[in-house]
Amino acid sequence: MFRSFRSFNYRTWFLGAVVSNIGGWMQATAQDWVVLTELTDNDATAMGVTMALQFVPPLVLVSMTGWVADRFDRRRVLLCTQTVLMLLALAVAVLLPTGVMTLPLMFCFAAAFGVANAFDAPARQAFVSDMVSIEDTSNAVALNSASFNMARLIGPAAGGLLIVAIGSGWVFVANAVTFLAMIVALLLIRRSELIPRAKHRRAGGLAEGFRYVRGRSDLVVVFVMVFLIGAFGMNFPIYASTMALEFGREADGYGLLSSVLAIGSLTGALLAARRDRARVRVLVLAAGGFGVASLVSAAMPTYGTYAAVLVLVGFSTVTMLTTANGYVQTTTDAALRGRVLALYMAVIMGSTPIGAPIAGWVVDTFSARAAITVGGVAGILAFGIGIGWMLWSGRLHRRDDARFRLTLDETRPLSVIRAMDPASFDDRTAATTPIRVERED
């Protein structure tokens, strides 16, 4: 389960990521609560707009962010993005307690966080494969998700308690401090032990990555499923905060719901780390599980029962996302991995600007339960698309050794030796290296 920890670089990265992610979840909780209760009068639509502004930049800048992740030293890119995010958190921390912060200004900061994260996300995802071998990449991705959800288990609850105890501004200060953990980890990484990256000399930028994905029906289906659930099902800050208010809870109640969601998420990530590779069939089943769990949670009558079902929602969500991320990384041409991951992150993060305002509008017009139901239906639809593709693609067939069991032909990562560029071919080795040939008498 923890085979990626054999790498010093990955161990160092993992520890820094856990600390930084805890601060990130604390800040996310504080930001959502500030918009919902301090800058507005429980306006879920404003909260949806804030989320949308944070996730629009990855979609708009996808052509540039993927190219940067493939072209430049990812470690240095991450040092820059983490520093910018730390400075932005400090700026919000100053403006909130002084009473200067307004809703339009918070919208501007949300967009700024989105721009920094647009460059950070694809570089961070691709950097995982720079630290471990291709055989361990799926495990490293799953453990990365585990660290993210381990932080999610602690961060929202801690953030909610800090909001009540000392105020929302100090939560942003705490997050700024935790960025130092990731910056230190990046500085400690041994550059000599990083996996050499494949160079891609052909032009095309993001267009080439798009053509690559378009030519892979399995990746197209993965992207479509992730988009549906990302847009309409994964608006958890809106759902959890408004459901907490419906049950008469304050910021600590909202933070606790986020942490309960993380219990299932962490379990899903750890189980994903046990698998030898990411499989499409696991992704499809997880999408169906997400749909069913979301529909059940929408019908729960009490705070306790709603929180209990959130464990299943978190488990299915992270199983789906971890499997999708690992599948994209391990089955994509290494020279295009940054651009394909940028497209993948654009699908996940870009789906929020579409779905979050819609979810906020549904909450304000109908109810939080209606919005959760829409997300559950999206999960069932994604499950149907996945099943349809498996049947249509011809990869699903009966096993030879069992009459009543089916198997799905999976795409496996391949080690491909590329044809040499004729301009770079040097025949001096062939001219100077003797080849001994035995003559037959």
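Tutor: A residue is called buried under 20% relative accessible area, exposed over 50%, and partly exposed in between, with a 1.4 Å probe and protein chains only. The model is predicted, so local features need pLDDT of at least 70 and side-chain atom pairs count only at pLDDT 80 or more, while totals for chains, interfaces and linings use all residues. Residues are numbered from 1 along each chain as its sequence is written, and side-chain values use heavy atoms, leaving out hydrogens and water.

Rings of Phe, Tyr and Trp (its six-membered ring) pair if their centres lie within 6.5 Å; planes under 30 degrees apart count as stacked, over 60 as edge-to-face, and the rest as tilted. By this rule there are eight aromatic pairs. One of them joins Phe5 and Phe14, which is edge-to-face because the ring centres are 5.0 Å apart and the planes stand at 75°. Phe5 is partly exposed, at a relative accessible area of 24%, whereas Phe14 is buried, at 10%. A tilted pair is formed by Phe223 and Tyr344, with 5.9 Å from centre to centre and 55° between the planes. This pair links distant parts of the chain, 121 residues apart: Phe223 belongs to helix α9 (residues 217-232) and Tyr344 to helix α14 (residues 337-365). Helices here are DSSP runs (H or I, at least four residues), numbered from the N terminus. Phe223 and Tyr344 are both buried.

Phe5 and Phe14 also belong, together with Tyr10, to one aromatic cluster.

Definitions and conventions
Helices (H or I, at least four residues) and strands (E, at least two) are DSSP runs, numbered from the N terminus.
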